[in-house]
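Biologist: I have a model open and want to learn how to read it. Can you take me through some of its features?

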Amino acid sequence: RHFPCPPSSPRNLCDALEIQCTNGAVFVAGRYNKYSRNLPQTPWIIDGERKLESSVEELISEHLMAEFKADSFNFSSSGREDVDVRTLGNGRPFAIELVNPRRIHFTAEEMKRLQQAINDSSDKIKVRDLQLVTRSAIGRMKEGEEEKTKTYSALIWTDKAIQREDITFLDDIKELKLEQKTPLRVLHRRPLAVRCRLIHTMKSEYIDEHHFRLHLKTQAGTYIKEFVHGDFGRTKPNIGSLLNRTADILELDVESVDVDWPPTLAD
């Protein structure tokens, strides 16, 4: 009685008051190197105040935002390094989601030119293998992140004088199990927990009586700085306890992030 079927024809035409067009997100992936010891991965803002003028995220995204004409972006990566740590070798995998881009089609040659523009804009970073990927491919970057391995190079200082033979035993240690309490320096943003991590291999390089370089291959998620100085006994064992002296880290470099993603592109 109230809803006839089929319904009666409308008496008035419908007016479209507003039309909005949006595009699905586009995903760009690649690997980045960081050559500066004064550059955070993401904007470093504390209590609303910016601490450093730029970041890896901003140096890469500003070019992508301009070319894709997107509204906003979301940056993600396979792990992160501290502001004073360089990332060398083949770099660290990253992905950027570009929200509502006005342009979505780019040829391989155009992506290569975009990569070159990013690299020419700063000597602090470099990107490689820049490419368009699918949303599902982003998951592969995060899959098994904790199980992957990473290699590092650490410059270490000791309070007591060392000779070459004092550190060579480190080269023979394999699959060293660590118990790491959440470091004091990240306790404000990570829950307190004890994490078990593995140092797969170490290779020492004697420099002088108070300095040596240590090359480490570790399970992803290992806190290397704390493994060196011990973090007031929160990481056990540590280089200080192994050498039976006070040790501290002066410089740290990420030499490789062993995640086979995204696919390597031909030059």
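This is a predicted model: local features need pLDDT of at least 70, side-chain atom pairs count only at pLDDT 80 or more; totals for chains, interfaces and linings use all residues.

Biologist: Is Ser204 buried or exposed?

Modeller: Buried means under 20% relative accessible area, exposed over 50%, and partly exposed in between (1.4 Å probe, protein chains only). Ser204 has a relative accessible area of 13%, so Ser204 is buried. Ser204 lies in strand E9, residues 194–208. Strands here are DSSP runs of at least two residues, numbered from the N terminus.

Biologist: Which residues is Ser204 in contact with, leaving aside neighbours within four places in sequence?

Modeller: Contact means heavy atoms within 4.5 Å. Ser204 touches Ile167, Thr168, Asp171, Phe212, Arg213 and Leu214 by that rule. Look at Ile167 again: its backbone oxygen lies 3.4 Å from a polar atom of the Ser204 side chain.

Biologist: How many salt bridges are there?

Modeller: A salt bridge is a side-chain nitrogen of Lys or Arg within 4 Å of a carboxyl oxygen of Asp or Glu. The count comes to 12. Take Arg92 and Glu81: their closest N and O atoms are 2.9 Å apart. This pair links distant parts of the chain, 11 residues apart. Arg92 sits in strand E5 (residues 86–99), and Glu81 in the loop between strand E4 (72–77) and E5.

Biologist: Why do Arg92 and Glu81 count as buried?

Modeller: Arg92 is buried because its relative accessible area is 1%. Glu81 is at 6%, so Glu81 counts as buried too.

Biologist: What about the salt bridge of Arg50 and Glu58?

Modeller: Their side chains meet at 2.6 Å, N to O. Arg50 is at 35% relative accessibility, so Arg50 is partly exposed. Glu58, at 21%, is also partly exposed.

Biologist: Which residues make the nonpolar surface patch?

Modeller: Patch residues have over 30% relative accessible area and no salt bridge; like charges are joined within 9 Å, nonpolar side chains (Val, Leu, Ile, Met, Phe, Trp, Tyr) within 5 Å. Areas come from the Shrake-Rupley method with a 1.4 Å probe; for residues, only the protein chains shown count as cover. Leu184, Leu187, Leu192 and Phe232 make a patch of about 460 Å². Leu192 is in the loop between strand E8 (176–181) and E9. Leu192 counts as exposed because its relative accessibility is 61%.

Conventions:
Residues are numbered from 1 along each chain as its sequence is written. Side-chain values use heavy atoms; hydrogens and water are left out. Helices (H or I, at least four residues) and strands (E, at least two) are DSSP runs, numbered from the N terminus. A polar contact is a pair of N or O atoms within 3.5 Å; within protein, one must be able to donate a hydrogen and the other to accept it, and residues adjacent in sequence count only if both atoms are side-chain atoms.
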